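Look at the model below and follow its strands first.

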Amino acid sequence: MPALTTRGRIRLLALAGGLIVGLVVAEALLRIGDVRPERYRAPRWSAFDGNAFRRSDMWGEGLIKQPSPFAGIDMGQYTPGARFRIEYASNPRDYFDTDNGVEMTVNGLGLRGPEVTAEKPAGTLRVIGLGDSFTFGVGVRDEHTFLRRLEGRLNHHQTVEVLNAGTQGYNTRDQQITLENRWLELNPDLVLVVFYLNDIYRDESAVAFWNNGEGHGVYLQPTGLARHSHLIDWCQYTWRARDLRQRMIAHYSQAYFTDPKSFFAGPNSRSQPMDWSASRTALVRIVELAATHEFQVGLAIFPELMSLEDYPFTAIHAFVEETCREIGMPVHDLLPAFGGHQDHQLWVHPTDHHPNEIAHDIAARSLEPFLHSLINTHSSTTRSQDQTPTPTPQ
C-alpha cells in the first residue's frame, strides 16, 4: 500500500481536526441547551394505610388489592374502602396534583367511586360496567372516568346509577366469574362489558401490548460514557430506541394481530399466552346470565391508543364483533370515535398509555347512544313482561 503524501497527511489531519471540532461544538451546544432524550422514571404507587400514603406496589400489601375468593381469578380484587395514588415524573397537561399524582378510591362494595347501597334504589336503573384498568380509569380522577361521565349524561333522561366494576389486570373470564358470583347481587338492569384487546390473554401472561411508554424508549437510561456526554447519550439512545421499535414491530407482526380468526383456529393456539376460547366461553356465559336474570347486556371495544392514523389491530376488532353477533350480544366499537386524534394526546402520561381524561370523555360521548339503545330495549322487554296476562288457574 503506497504511503500517504505530505498533502494527503495534511488533508487527513484537517478532516480529523474538523470532525473533532464538530463533535466538540455539538457537545457544547447540547450541554448549553441541556438537551437530552425524553425519558422518565416509572410511575410510583402509594396506598393509604389509615394515616398516610406510603409507597407500595400495585397490590399495596393488601391495602389496594387482596386475593379473590373465587377460583380461577389470579389478579385479586380491590380491597373495600381502598385509597391509593399513582404519581408520575411530570405533569404535561397540568392535570395532576402538585406531586404529579392522582388519587383513586374504592367504595365499601369494592367498586370504584362514591359509596352506593347494595340494594338498588327504587325507580333507579342500575348499570354495571365490567372491564380492566381502562374501565377502572388508572391515572384519572373518578369523576372523569367514562362510566361516571356516562352516569351524568344518562341522568338527563331518567334516574341512572352506573357502577364501575373495572379491575386492573382482569380479562374477560375474570369479569364473568366476578359478575356471576358477586355483582349479580346488586341486581343490575344493564351490564356493559368493556373489551380491551389484551383481555384475550391469560392472567399469568406478560402484557400483550407495548404500552407504558417502553416501546418509545422513555425508560432508557444512559450507560457507560453516555452518562458523561450529551452527544454520546443521544447516539446511544437513538440506537437503542430504534432497536425497541423494531422489536415492537416484530411483536405486532404476529398472526394474532393480523389474522386472529385463522390464528385461533390453528393447532398451535393452545401454546400461546392468549386463550380466546376462554374469552368466548365467558361472553357466552354472560349472555346466558342476562337471559336468566333479566338484564340487558352489551359489549364495547376499547382500542389500543397507538397509531390511530394507521391502526394495526382492526382485524381483532372485527373478530370480536363477529363473535358478539354470533352469540347475540350487542357490540359498539369505540375506534371510530378516536379518529383524527393523535395517540400521545390521549395518554395519561408518556410512561402510561392508559386513556386520559380527554379519551374518557370521547368514550363517554360515543357510548351514550349505544347505552340508550340498550336501556330502551330493556325497558321495552320489561313492559312486555309486565303486560303479559297471568294464566287463570283452572
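Two strands pair if DSSP finds at least two bridges between them; strands are DSSP runs of type E with at least two residues, and helices are runs of H or I with at least four, each numbered from the N terminus. This is a predicted model, in which local features need pLDDT of at least 70, side-chain atom pairs count only at pLDDT 80 or more, and totals for chains, interfaces and linings use all residues. Residues are numbered from 1 along each chain as its sequence is written, and side-chain values use heavy atoms, with hydrogens and water left out.

Strand S1 (residues 44–48) pairs with strand S2 (residues 53–56) in the antiparallel sense, over 4 bridges. Tryptophan 45 has serine 56 in S2 as its bridge partner. The two strands form a hairpin with 4 residues between them, and glycine 50 in the turn has a positive phi of about 105°.

Next come the rings. Rings of Phe, Tyr and Trp (its six-membered ring) pair if their centres lie within 6.5 Å; planes under 30 degrees apart count as stacked, over 60 as edge-to-face and the rest as tilted. The count comes to 14 aromatic pairs. Phenylalanine 84 and phenylalanine 136 are stacked, because their ring centres are 6.0 Å apart and their planes at 10°. Phenylalanine 84 is in strand S5 (residues 83–87) and phenylalanine 136 in helix H2 (residues 133–136), 52 residues apart. Both are buried, meaning under 20% relative accessible area, where over 50% is exposed and anything in between partly exposed (1.4 Å probe, protein chains only).
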